[in-house]
Amino acid sequence: MKTFLFPLLLSLLLSCLVLADPDYNERLDLQPLTPASLLASFNFRSSAPLISYERQHFKYIPRSLGQILQHAKTRELHLRFTTGRWDDESWGARPWGGAKEGGTGVELWAWVEADSDAGSFARWVTLNNALSGLFCASLNFIDSTRTTRPRMTFEPSSIGFNASNEDLYLLHGTLPREVVCTENLTPFLKLLPCKGKAGIASLLDGHKLFDASWQSMAIDVRSVCPSDGSECSIEMEQTVDMVLDIERSKRPRDNPIPRPIPVEGLRCDESKSYLQEGACYPSDVSNGQSWTIAEIFGRPIQGSCLAEDSQGSPTDSVYIHVPNEREMYIYAGTETKHPSGTSRSFTLPKSEPFEMVLSHIGPQSFNNHSIPPLYASRSFTGHGQERGGVQTLLTNPSTTSPISFIYFETLPWFMKPYLHTLTAHLSSSSTPNPHLIKETFYRPALDRRRGTQLELLITIPAASTVILTYDFDKAILRYTEYPPDANRGFDVAPAVIRLLPPFGDAPEQGSQAPVYIRTSSLLLPLPTPDFSMPYNVIILTSTVMALAFGMIFNLLVRRFVGSDEVEGWDAAALKGRVRGRLMALRSRFMKGGKEKKL
Amino acid sequence: MGQEEDVGTVVGDDKLVSPAKTTKKPPSESAEGIRVRGLVIFSFWAIVIFLGLPVWLWTTSIHRARLPLQEMLDWADGKACKSTFPLQITIEAPSIQEPEAAHFVRMTQHALDDLNEFSAHHLRLRLVKSPSLERMNASIPALHGLETGQDPQPYGSLEGQDDSALTVRFRPQNGSQPARVELHPHSAIMDVLYTQNQVPSVSSSSSALATFVANKLQELFAEEQATIAYILSHSAASAQSTGQSPHISSTTSSGAREIRSRPNRSINPEMAARLASRMTRSLKYAPTYHVTISLFTPSASPSSWDIEAALAEYFTPLLDSISAVCNFTVDTQVQLYATFSPSVHVPEYDAEHGVWTLQEEDLSGFINAAEWPLSPSIGAGPTLNFVLYVPDPANSPLVVKGSQASSWLIPQWGGVLILNPQDTNATSSESTLSKQALQPALLTFSHQLLSFLGAPQTPPSLPLQLQTLTRIHAASLLLSASSTMGSLARLTVALPSIAIPETVSIAVDTTLRHLRQTCNALREGKFSDALENARIAEAEAERGFFEKSMVGQVYFPDEHKIAVYLPLLGPIGVPLVMSAIKELKRIWASRKARQQST
C-alpha cells in the first residue's frame, strides 16, 4: 500500500488544484531521490470548454495541436518522448505511477473515431503525419508494422463519454529508435501559454533536460464530462519529468569539462576499515548537499505564468518534498509548509525572478521509502544469427500480497516468436508453472504488414520472481529494407506492464490512477549482408552466363581440327607481315620527308 | 583490273605460305557444315536483335502517357479560347410604349458600344415586356410570391441571375428634374427615374437619356472591365507566345479598333497601378478559405477575449453573404508572451504626439514567423491570418511612424491591427477584451478580407460586387489552368526522361474538357457555370502538374549503366561480334570467288 502513496498523494493534490482554476495551472515538484539525484516533475494543465474547442476558438489549448486532433477525429491522445532508463533499484517508484512516461524513444497511443478498422487506420496515419510535422519527430514512420491495437493494456482516461463506443478505436505505435532531443522540446514549449518565457517552464532548457539521467516528456489530451451534468471540457496535460544528477548539473555552463577536485573539496568515505593515511575513497552519499534553482537549472524561475485562481489570488506552483526541518531560503514569493511535514510549496512572484536555496542544514529524506510495486527487466538470450530467445525477469517485492498485471509486448515482424516456447516459471523451481499466465492474447505477425502483439495476464505470488521466456527466429530482410547503419542492430520496443489493482480492494480503488512500468528497449542484431552485394551478384551471374554462353557458342560455331592442322598464327609469317607493314609505313614517311625537302 | 590483281596476290600469298610451313591441311569443310555454322550465327544474332533488344528496350523504357501537347500549348497561348464576357442587362420599361422602348434600347446599346473600349467584356441590353410576365416565364409557380418583390433575390442564389447581370427599371417621375439613377445596395436592380418627355420618339436619332443611361451603365462596370482586361493582358504578357493578347483582340476587322481595344490603352496608369496592387495582394481563388484570428500580446494580459460573441455580431454576417462565392472556416487563438522578431526595431517614443512608433520598414517583419504559431490550417484551401496585437501597456499607444496608422495588410497572407487599449477605456486594466473593444478590429478585418478576395470597390451594390467576383475568378482560374497546361506541356517536352503516368493524362483530359466548357459558358454568359467548370479545371490541372510519381525522376548515370551492363555484354558480345565479322568476311570472299568464276 505504501507503494501507491506517492502517486496517490500527487493525484489528490492535483485534483484539488484542478478545482481551483479551471483554465490553466502549472506545478513543479522537486523530490530528491538519492543524495546525488533530484527528480523534477513539471506539469502543465490547460482546459477549455468542449464547445469552444469544437468551434475552433482556442485559448490555452494550442491551435496547432487542436486542429490536428480535430482533423484526425482523435478523441484522446497520449504522446511520450523518453530518453534514458529509470533506475528502480536506487530511485524507487516512478513519478505519476509510470502513467506519464513512455518507452525509450517515442510512444503514441490514441483513441480515434472512425466507422471501421481501415478508417481508423487511415485517420491514425493522418494523425501521425501531422504530429510528425508539429513535433519534428519521425512519427510518420509509424506504419502498419509498428501499429498495434492493444486489448487490455490501455484504458481511456477520458471521463464521461462512453469509451466502449463502437466507433472509437485504440491504436498504439512506438518508435524505439527515435532520439529525443531539443528539436522536440522547442515545439513542446511552444504549446504552453507562456512559451517557456515565464513560470516554471522558463527552467526547461535543452542543455539541462537532455543532459539528465532520465527524462520523459508527455502530452495527454482527454475530454471530461462531469457526472453532475455541467458542460464538458477538453483537458490537455503536458508533463516533463527529469532526474538530474546534482553534481553534473552544477557544473558551470561556460566551463563544462570536469576537472579534478582540490584535496580540500574531496568528500571521502571514512567508514572503510582499510582506510589509510593519504587515501580517499569517494563517498557517494554526499550528505548535506546544498543547491539553488539557478545552480541546477542554469537560471531562476522568470516570474509566474497565469498562476492566479478565479479570485485573483496567486496559487502555489513550486513544491519541494524535503522535511520541514531542513532550512530553506527563498527570494520573493511566499512559502507554505504542509502539515504532512515532508513537503512545502511556494507561490511565484508576478514578474520578478524566483530563487530558492536548499541548505545542507537539517535532516535529509529521500524517495527510498517508496519501493516500486514490481521490478521488470528484459534481455536477449541465445547466440548466432539465426535464432534467439527473450527472457524477462519479473519480481514482486511485496512480502505479503501477490500482484497481477498485464504484460504487453510488440515485436517487429522480422522477429518471429514461437508461442509454444512461451513459458513462465518461478525462479525457485526449474519447471514451468502454467498457473502463472492467466490469459494470453496473441496476434501473430504478417511479413512486412504487421508485427506480433502479445498481451499476457500474469500473477506473481508474494516475494518471488517469475522468469518468462520464449524463443524466436530472425528473419532475413530484403536488401532495401535495411536502415542506414544496419550493423548497429534493430530496436525492439519496450514491453509495457500495467499493474492491476489488488483483487481484494479493487472496488474502492476503481478510480485510482493506473500504474505502468516499462522495460528498457532491446537491440536485436540481425544477419546483415554486405551492401555491395548487388554488384557482386551482377558480376558473378554475368560471368557464369558468359562462360556458359561462350562454351555453347564456340561448340556450335568453331571448327575443330587437329593441332597440327591449325591454320594461321604462324609466328614467322606474322613477324614478316608486321615488318612489311612497318617498312611500308616508313617508306611512306621517308617519301613524305623527301618531298618536303624537295 | 586492279581488283583482279588484288585477288591474285591473296591467292599467291596462300600458296606461298602453306607449302612452306604447314605439313598438313585440315580436311576441307563440307558445304553443309559451313551452311549450318552460318545459320547458327545468324540465329544467335536474330535472337539478340529480335528478342533481346526489344525486351531490353521494353523493360528499361519509361512510361509516358500520351498528352495532347499542341492543344495544351494552344490553351496556354490563348489560341484555343477567346474569352468573352457578354453581360445581359434586362430593361424593364412598363411605362413606355413598346416600339418606343425598343428603339430606346437600341439607341442605348449603340451608345454603349461606342463607349466600350474593351470588346471582350460588353453589355447586352434586352427589353422585357413586363416584369411580372418575365418572372412568370422564368420561375416555377411556387415562387410566384416573389414576382412582386422589391428585393426578390437573396445574395446566395446567383444561379438564378445567370441570364441577367442587372435589371434596369425605368420609373417615370413627375416634374422636370433631370434623369437620375438609383442603385439598390442589396439587389441587382438599378432604377432610372425619368420624366416622360425625356423618352425619345421612334423617329429621333439621338437622345440625352439613352446616352445618360449608357454612361451610367458603363461607369457601373468600368472597374470590372478594367480588372478583367488587366487579368487577361497580364497573362498574355507573361505568355511566351508571340501572338500577344489573343484573348482580347477584337473580333472586328478594323485594325484601328484592335489597337484601341488593347487594354493598356483603355486603362489609365493610375487605375493600372491600383489593379496591380489589388491583384498582388488578393489570394488565389479557392472554394474554401480558412480564417485565423489571433490575439497576440507581449505580456500575460489580456489573456482572453469575447471573440465568439464579437464574431457572431460583426464578422459572420459578411461571411454568410459571400458564401455563394466561397466558404470560410473561422478559428481563433490567444497567444501570450509574443515578442517581436529580433530584426524589428524597438518602438520609439514620439513625444510630439505622445505615442510609441514603429518604423514603417519594420512592418513587413512585424510577424515573428519563427516564434508565433501561425501555421496554416489543416485542410484544403489557403489560410488568411488576422492578427490583433495588443501592445505592452508600457509601449502603448503604438502606431506606425509617419502615417500614425495602426493596421496594415500583408499581401496574400493576412492583416495586422494594433489594438491600443486607450481606444476603449474599459479594457485598459482588465484581462478580457470585451465585444465592444473588438468591434473596430473586426470591421477592419472585414474590409481586409474583402480586399483579399479581390472584390472591386465601385458598384456599391453587394450582389453586383459578388457577380463581379464570380466573373473575375472565372477569368483568372481559366487563365491559371491554361497556363498550368502550358507549363506541363513544356515540361513534358523538355524532360524526355520524366515518367508520365496515366493519371496525368486523365487529369489533362478532364482539365481541357472543363476549360472548353468554361469558355462556352463564358460566351453564353452563364458565369456561375463558368466558375464551377473553371474551378474543376484548375483543381485537375494542379493535380496533373503536381502528380507525385512525376516529381521523382528516374535517373541512372551512364557509368552506373556501364557497370551493370558490361560484365554481361562484354564476354557475350565479343564472340558474337567476332564470329559475325568472320562469317561476313567468308560470305564476302565466297561471293567474290563466285563473281570471279563466272
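This is a predicted model: local features need pLDDT of at least 70, side-chain atom pairs count only at pLDDT 80 or more; totals for chains, interfaces and linings use all residues.
Helix α10(A) has 25 residues and reaches 35 Å from its first C-alpha to its last, close to the 36 Å expected at 1.5 Å a residue. The buried residues of α10(A) are A:S542, A:A546, A:F549, A:G550, A:F553 and A:V557. An α-helix has 3.6 residues a turn, so residues three or four places apart point the same way. Among the elements covering the buried residues of α10(A) are α2 (31-60) and α17 (558-597) of chain B.

The contact between the two chains was examined next. It draws 37 residues from chain A and 47 residues from chain B. The size of an interface is often given as the accessible area lost when the parts come together. Here chain A and chain B bury about 3,800 Å² between them. Carbon and sulfur atoms account for 61% of that area. Three salt bridges are found across the interface of chain A and chain B. In one salt bridge, B:E308 pairs with A:R55, and the closest N and O atoms are 3.2 Å apart. On the side of chain A that touches chain B, the elements giving two or more residues are α3 (63-71) and α10 (533-557) of chain A. α10(A) gives the most to this side, with 10 residues. By type, the residues of the side of chain A that touches chain B divide into 18 nonpolar, eight polar and 11 charged.

Within chain B, B:Q448 is found in helix α12 (residues 435-453). B:Q448 has a relative accessible area of 6% and is therefore buried. A polar atom of the B:Q448 side chain lies 3.5 Å from the backbone oxygen of B:W408. Leaving aside neighbours within four places in sequence, B:Q448 is in contact with B:F386, B:S407, B:W408, B:L409, B:G415 and B:V416.

Backbone geometry was considered last. Most residues other than glycine have a negative phi. A:C136, a residue other than glycine, has a positive phi near 50°. A:C136 lies in the loop between α5 (117-135) and β5 (147-148) of chain A. Its relative accessible area is 44%, so A:C136 counts as partly exposed. A:R448 is not a glycine, yet its phi is positive, at about 65°. The loop that holds A:R448 lies between β20 (437-443) and β21 (452-460) of chain A. At 28% relative accessibility, A:R448 is partly exposed.

Methods
Residues are numbered from 1 along each chain as its sequence is written. Chains are lettered from A and ligands numbered from 1 in the order in which they are written. Side-chain values use heavy atoms; hydrogens and water are left out. Contact means heavy atoms within 4.5 Å. Buried area is the accessible area (1.4 Å probe) that two parts lose on being put together, summed over both. A salt bridge is a side-chain nitrogen of Lys or Arg within 4 Å of a carboxyl oxygen of Asp or Glu. Helices (H or I, at least four residues) and strands (E, at least two) are DSSP runs, numbered from the N terminus. Ala, Val, Leu, Ile, Met, Phe, Trp, Tyr, Cys and Pro count as nonpolar, Asp, Glu, Lys and Arg as charged, and the others, Gly among them, as polar. The expected span of a helix is 1.5 Å times one less than its number of residues. Buried means under 20% relative accessible area, exposed over 50%, partly exposed in between (1.4 Å probe, protein chains only). A polar contact is a pair of N or O atoms within 3.5 Å; within protein, one must be able to donate a hydrogen and the other to accept it, and residues adjacent in sequence count only if both atoms are side-chain atoms.
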